[in-house]
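Let's take a walk through this structure together.

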Amino acid sequence: MFRLAVALFALAIPAAAQSVQPISSRFNADPSPHYFQTADGGAFYVYATDDASNSGKYWDSTTWRLYTSRDMKSWTDAGIPLAVTVFKWARPDAKAWAPEAAYRNGKYYFYAPVGGDKIGVAVAEHPTGPFADARTDALVDKARDANAGDEPIDPAVFVDQGGQAYMYFGTRVPKVVKLKADMVTLDGPIQNVKIEGLPASDPKKVYGEAPFLHQHGSVYYFSFSTGWPGQIVYATGDSPLGPFTYRGVVLDYLKISTNHQAIIEHQGKSYLFYHDNLLPGGGHFRRSITFAPLEYDKDGGIRQVKPVKAQ
Ligand code: FUB
């Protein structure tokens, strides 16, 4: 009985409001945050969709943007690490959507959704680039690859403790595929990610886009946006390939048509990166990246983040 009372009390505690502000005065979205150690020292690198260079009527930018910070307080706009035109197989006006980056074997890899139907991969010696095409064709191509889905976008890469790399992507049906150790070759078939236990009482609680996998302790957390607009929710499992069981909401709907999250841990603390409408003149195609601390309950559940815009 006491246990039940404690559990109910824990459920009833509202999460403390967390004050957030944009990392830049430039519009940006779809954060892919990382802490990379280079010869220059350790720093945070956030790769982003560059909303400031789109038309303002759609997500039609053709370049990605990079922001860096030593302390997560002061952020530097590091410019354009990659443009669609680097991929000679892509139309030069193809859309540059939610990016991802990864480090392995002394190199930095940039996973770049191009035009809504392909994912390219580029490689660099330093996280700021310059990134060059790591292949001569797309890593994932809807027209070429079985089970690539209707819209192979939003790549997210996870490397497990055994060194196996996985790439998640896709809208409406989440996909996962293993990557070879070279990080630029698919290793086996593209599979659907199974999410079990989504509450039938809420028809909006479905997979939309923005898949992301992270590990906390021995548990694998699969988070995603439920759609347009999207809540950020999560499910857990005991394998990076799933299946995953729905657990709850990480971030509620915001007043914006999309959302896209990433979760990182650094020096024992966890952070949720996402985007919102935080800057004057902002909106659905003029978004702003921000982040907030993320905490876990004793049972491994993620406490819902409740951000409040800093004044
Ligand atoms: O930025 C364009 C698209 O909006 C991304 O690919 C999605 O994740 C959504 O945030």
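A polar side-chain atom of Asp154 sits 2.6 Å from an oxygen atom of the ligand, a polar contact in the sense of a pair of N or O atoms within 3.5 Å. Asp30 also reaches the ligand through its side chain, with an N or O atom 2.5 Å from a ligand oxygen. Ala98 uses its backbone instead, where an N or O atom lies 3.5 Å from an oxygen atom of the ligand. Taken alone, the ligand exposes 280 Å², and the protein buries 99% of that (Shrake-Rupley areas, 1.4 Å probe).

This is a predicted model, in which local features need pLDDT of at least 70 and side-chain atom pairs count only at pLDDT 80 or more, while totals for chains, interfaces and linings use all residues. Residues are numbered from 1 along each chain as its sequence is written, and side-chain values use heavy atoms, with hydrogens and water left out.

Which residues are around the ligand? Among them are Trp59, Trp97, Glu209, His260 and Arg287, where a residue counts if one of its heavy atoms lies within 4 Å. The shell divides into four nonpolar, four polar and four charged residues; here Asp, Glu, Lys and Arg count as charged, Ala, Val, Leu, Ile, Met, Phe, Trp, Tyr, Cys and Pro as nonpolar, and the others as polar.

Now for the whole chain. Its C-alpha trace spans about 65 × 45 × 40 Å along the principal axes. Of the 311 residues, 54% count as buried, meaning under 20% relative accessible area (1.4 Å probe, protein chains only).

Definitions and conventions:
A polar contact is a pair of N or O atoms within 3.5 Å; within protein, one must be able to donate a hydrogen and the other to accept it, and residues adjacent in sequence count only if both atoms are side-chain atoms. Buried means under 20% relative accessible area, exposed over 50%, partly exposed in between (1.4 Å probe, protein chains only).
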